Amino acid sequence: METPSTRAEFEERMQIVREQLVQGKLMFNKGLRGPESLLKVRLLPNRRIDLMSIDESARLQGNMARQFIDGAFDDLLPD
């Protein structure tokens, strides 16, 4: 899994997750930590994401969302 190397890349990943939630493309089963983790992500006064508010679960969700957009899992799909 490719990890972000800049703050801009990291924020882009979190915005992808946000858009997936808004569009209803991302859902969680009851009992998972994913929604709680994402709800704890805060914005700074300048409207940038507070990186200190992102835990491992939210970070992994952002990285995975980016991988799906890049098509990294296309080879796992049946023809």
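These legends describe close-up views of a predicted model.

View 1. The chain has three helices and zero strands. Read from the N terminus, its elements run α-α-α. Of the 79 residues in the chain, 28% are buried. The accessible surface comes to about 6000 Å². Carbon and sulfur atoms account for 54% of that surface. Now look at contacts with a separation of 6 or more: 52% of them join residues 24 or more positions apart.

View 2. Helix H1 covers residues 7-22, which is 16 residues. From its first C-alpha to its last, H1 reaches 23 Å. That is close to the 22 Å expected at 1.5 Å a residue. Which residues of H1 are buried? They are Phe10, Glu11, Arg13, Met14, Ile16, Val17 and Gln20. An α-helix has 3.6 residues a turn, so residues three or four places apart point the same way. Just after H1 comes Gly24, which takes a positive phi of about 75°.

**View 3. The largest nonpolar core.** This core has 10 residues. Its members are Phe10, Met14, Ile16, Val17, Leu26, Leu38, Ile49, Ile54, Ala58 and Ala65. H1 and H3 each supply at least two residues of the core. Which helix gives the largest share? H1 does, with four residues. In soluble globular proteins, nonpolar side chains tend to be buried together.

**View 4. Ile49 and its contacts.** Ile49 belongs to the largest nonpolar core. Leave out residues up to four places away in sequence, and Ile49 still touches Arg7, Glu11, Met14, Gln15, Val41, Arg42, Leu43, Leu44 and Ile54. Two of these names, Glu11 and Met14, are also among the buried residues of H1.

**View 5. Gln61, a buried residue in H3.** Gln61 has its place in helix H3. Is Gln61 buried or exposed? Gln61 counts as buried, because its relative accessibility is 13% and the cut-off for buried is under 20%. Setting aside neighbours within four places in sequence, Gln61 is in contact with Val17, Leu26, Phe28 and Leu38. Val17, Leu26 and Leu38 are also members of the largest nonpolar core.

View 6. Ser37 lies in helix H2, residues 34-39. Ser37 is buried, with a relative accessible area of 3%. Residues up to four places away in sequence aside, Ser37 touches Asp55, Ser57 and Ala58. Take the pair Ser37 and Ser57: they are 20 residues apart in sequence. In space, they are 6.3 Å apart, C-alpha to C-alpha.

**View 7. Arg47 in the loop between H2 and H3.** Arg47 lies in the loop that joins these two helices. Arg47 is not a glycine, yet it has a positive phi of about 70°. Arg47 is exposed, because its relative accessible area is 63% and exposed means over 50%.

**View 8. A nonpolar patch on the surface.** Which residues form this patch? They are Met1, Met64 and Phe68. Together they have about 320 Å² of accessible area. Met64 is found in helix H3, residues 56-70. Met64 is partly exposed, with a relative accessible area of 31%.

Methods
Residues numbered from 1 in each chain as written. Predicted model: local features only at pLDDT ≥ 70, side-chain atom pairs only at ≥ 80, totals over all residues. Heavy atoms only, no water. Patch = residues over 30% accessible without salt bridge, like charges linked within 9 Å, V, L, I, M, F, W, Y side chains within 5 Å. Areas by Shrake-Rupley, 256 points an atom, 1.4 Å probe, with all protein chains shown as cover. Salt bridge = Lys/Arg side-chain N within 4 Å of Asp/Glu carboxyl O. Buried < 20%, exposed > 50% of the residue type's maximum accessible area, 1.4 Å probe, protein only. Contact = heavy atoms within 4.5 Å. Expected span 1.5 Å × (residues − 1). Core = buried A, V, L, I, M, F, W, Y, C linked by side-chain atoms within 4.5 Å.
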